Amino acid sequence: MELQGKVIAALPERSGVSQRGEWKSQEFVIETHDAQYPRKLVFTVFGIERLQRFNIQVGQEVLVAFDIDAHEWNGRWFNDVRAFDVRQVDPMQYGAPQAAPVAAAPVSAAPTPSAAPAVDSAEDLPF
């Protein structure tokens, strides 16, 4: 899967030693550019060489290719979103939202007779 967004947070690096040797991982948070409801995704980059190669910085526009897997621990299930490729993207290119021209509606000083009646704010819920 792939997702494009802006890196809004870089969490602290984690490291340790296993039977295979030293390891490092770091989690990053990106925010998508969905107009009405931007989404956030936390993904993990595992491996010293990947962390160095991707060189992810807060504020960058990136395209993240990732796998999703789940694991169980003490009877609870957790998702693991692990990035295998992270590419920097020019924000003015490749699907980044661009400011769309806003169509100007005619402005009138007086309300038109066909205007909808005022609605009580308690009943004007989005759901």
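Helices and strands are here DSSP runs, numbered from the N terminus, a helix having at least four residues and a strand at least two. I apply this to a predicted model.

**Entry 1: Thr32**

I first looked up Thr32, which I place in the loop between strand 3 and strand 4. Is Thr32 buried or exposed? I count Thr32 as buried, because its relative accessibility is 8% and the cut-off for buried is under 20%. Its side chain makes a polar contact with the side chain of Asp34, at 3.5 Å. Leaving out residues up to four places away in sequence, I find Thr32 touching Leu3, Gln4, Gly5, Pro38 and Arg39.

**Entry 2: the largest nonpolar core**

I turned next to the largest nonpolar core, which has 15 residues. Which members touch the most other members? I list Ile30, Phe43, Val45, Ile56, Val64 and Val86. Two or more residues of this core come from each of strand 3 (21-31), strand 4 (40-46), helix 1 (48-54), strand 5 (61-73) and strand 6 (76-88). I note that in soluble globular proteins nonpolar side chains tend to be buried together.

I then took Ile30 by itself. Beyond four places in sequence, Ile30 touches Leu3, Gln4, Gly5, Lys6, Val7 and Ile8, as well as Arg39, Lys40, Leu41, Phe43, Val62 and Val64.

**Entry 3: salt bridges**

How many salt bridges does the structure hold? I record seven, and I examined some of them.

Glu13 pairs with Lys24, with the closest N and O atoms 3.7 Å apart. This pair links distant parts of the chain: Glu13 lies in the loop between strand 1 (2-10) and strand 2 (14-18), and Lys24 lies in strand 3, eleven residues apart. I count Glu13 as partly exposed, at 45% relative accessibility, and Lys24 as partly exposed, with a relative accessible area of 25%.

Glu31 and Lys40 meet through their side chains in a salt bridge of 3.1 Å, N to O. Glu31 is partly exposed at 25% relative accessibility. Lys40 is exposed, because its relative accessible area is 57% and exposed means over 50%. I had already noted Lys40 among the residues that Ile30 touches.

Asp85 forms a salt bridge with Arg87, the closest N and O atoms being 3.2 Å apart. Through salt bridges that share partners, Glu2, Asp85 and Arg87 are joined into one network.

Notes
Residues are numbered from 1 along each chain as its sequence is written. This is a predicted model: local features need pLDDT of at least 70, side-chain atom pairs count only at pLDDT 80 or more; totals for chains, interfaces and linings use all residues. Side-chain values use heavy atoms; hydrogens and water are left out. A nonpolar core is a set of buried Ala, Val, Leu, Ile, Met, Phe, Trp, Tyr and Cys residues joined through side-chain atoms within 4.5 Å. Buried means under 20% relative accessible area, exposed over 50%, partly exposed in between (1.4 Å probe, protein chains only). Contact means heavy atoms within 4.5 Å. A salt bridge is a side-chain nitrogen of Lys or Arg within 4 Å of a carboxyl oxygen of Asp or Glu. A polar contact is a pair of N or O atoms within 3.5 Å; within protein, one must be able to donate a hydrogen and the other to accept it, and residues adjacent in sequence count only if both atoms are side-chain atoms.
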